[in-house]
Amino acid sequence: MVALQHHSFSAALALRIVQVGITGLLLIWIFMYLGGLSLSPKMIDEDTNDTFGIFNWHPLLMSLAFIGCMSEAILTYSSPLVHSTDRKLKKYTHAALHAAACVLTVCGIVAAIKSHTLKAPTPMPNFYSTHSYLGVLTCLMMIGQIVFGVMAYLYPQWSLGERQAFSSVHTFCGGATLCVGMMTLMVGLQEKTTFLQLVQKPNVRGALMQIPAFIQVGVALFTVLVLYQVVFVSKLSQKKTMQFAPILAQDAEHEINTM
């Protein structure tokens with residue numbers, strides 16, 4: 001059991017280091033190379049504006065939604081930042097983090113649409129690329145997870161047998177949603193990098209082009225670590241718990257008989 005806890009801690013530490021690293025690189029890229037953030041277009045002349053500052057909210061908010069909130073929601077039961085034995089607290093923390101991920105996702109989509117529609121002299125189209133379509137798929141999967149998750153575990157709350165039967169499906173769909181979301185992030189970063197290369201023609205070895213490449217590698221590694229933590233470490237923990245279950249049951253029965 002001690003070896004399992006050490007193994008779990010090592011995997012959790014590794015994925016949090018990658019998590020912080022991705023966020024740090026993204027902030028450096030946005031503020032040092034993409035012009036930072038803004039809430040309104042920057043006028044270049046009477047007829048032309050720059051909406052990059054508005055758009056830059058999109059990758060930041062989406063990264064916070066998936067790399068921050070959604071991944072931590074998924075890790076609530078297997079490897080939370082703050083450990084607790086209160087299962088009800090874990091359930092509400094899981095739900096709250098998913099809710100935060102949804103709010104950030106909506107805000108990120110609004111930022112992208114706003115940056116496109118406010119572009120002058122010619123607005124840019126919305127929902128036309130692989131990144132856009134993957135984003136729509138991710139949102140649909142998120143909505144499905146939320147609806148069935150709330151119905152099963154919060155309100156009206158299904159019976160114990162139904163919840164147990166649905167648990168593995170909910171876990172799989174949550175992991176699948178995270179994977180599609182991470183894929184969407186990586187495709188979006190590559191799409192942005194391609195636009196920069198076409199418009200600005202930067203040095204391909206420069207930081208403007210290399211930072212998003214490292215971010216994409218980090219996102220892939222982070223996704224693998226999260227799935228590893230959820231699938232293998234939690235399963236090993238469940239196996240150990242099942243091994244000790246007969247002993248715990250015997251102890252409980254003995255205490256009842258001696259009362």
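**Notes on the helical chain**

1. Let's start with Val147, which lies in helix α5, the stretch covering residues 130-153. Keep in mind that this is a predicted model. Val147 has a relative accessible area of 40%, so it counts as partly exposed.

2. Which residues make a nonpolar surface patch with Val147? Phe127, Val136, Leu140, Ile143, Phe148 and Met151 do, and together with Val147 they give a patch of about 620 Å².

3. Stepping back to the whole chain, you'll find seven helices and two strands. Reading from the N terminus, the order is α-β-β-α-α-α-α-α-α.

4. Now for a look inside. Ser63 sits in helix α3, which spans residues 57-74. Is Ser63 buried or exposed? Its relative accessible area is 13%, and buried means under 20%, so Ser63 is buried. Setting aside neighbours within four places in sequence, Ser63 is in contact with Leu26, Gly68 and Leu185.

5. Cys102, for one, is in no disulfide: the nearest cysteine sulfur belongs to Cys139 and is 8.5 Å away. As for Cys107, its relative accessibility is 38%, so Cys107 is partly exposed.

6. A few overall numbers to finish. The chain has 259 residues, and 37% of them count as buried. Its accessible surface is about 15200 Å², with 71% of that belonging to carbon and sulfur atoms. Among contacts with a separation of 6 or more, 72% are between residues 24 or more positions apart.

Notes:
Residues numbered from 1 in each chain as written. Predicted model: local features only at pLDDT ≥ 70, side-chain atom pairs only at ≥ 80, totals over all residues. Heavy atoms only, no water. Helix = DSSP H or I, 4+ residues; strand = E, 2+ residues; numbered from the N terminus. Buried < 20%, exposed > 50% of the residue type's maximum accessible area, 1.4 Å probe, protein only. Contact = heavy atoms within 4.5 Å. Patch = residues over 30% accessible without salt bridge, like charges linked within 9 Å, V, L, I, M, F, W, Y side chains within 5 Å. Areas by Shrake-Rupley, 256 points an atom, 1.4 Å probe, with all protein chains shown as cover. Salt bridge = Lys/Arg side-chain N within 4 Å of Asp/Glu carboxyl O. Disulfide = S-S within 2.5 Å.
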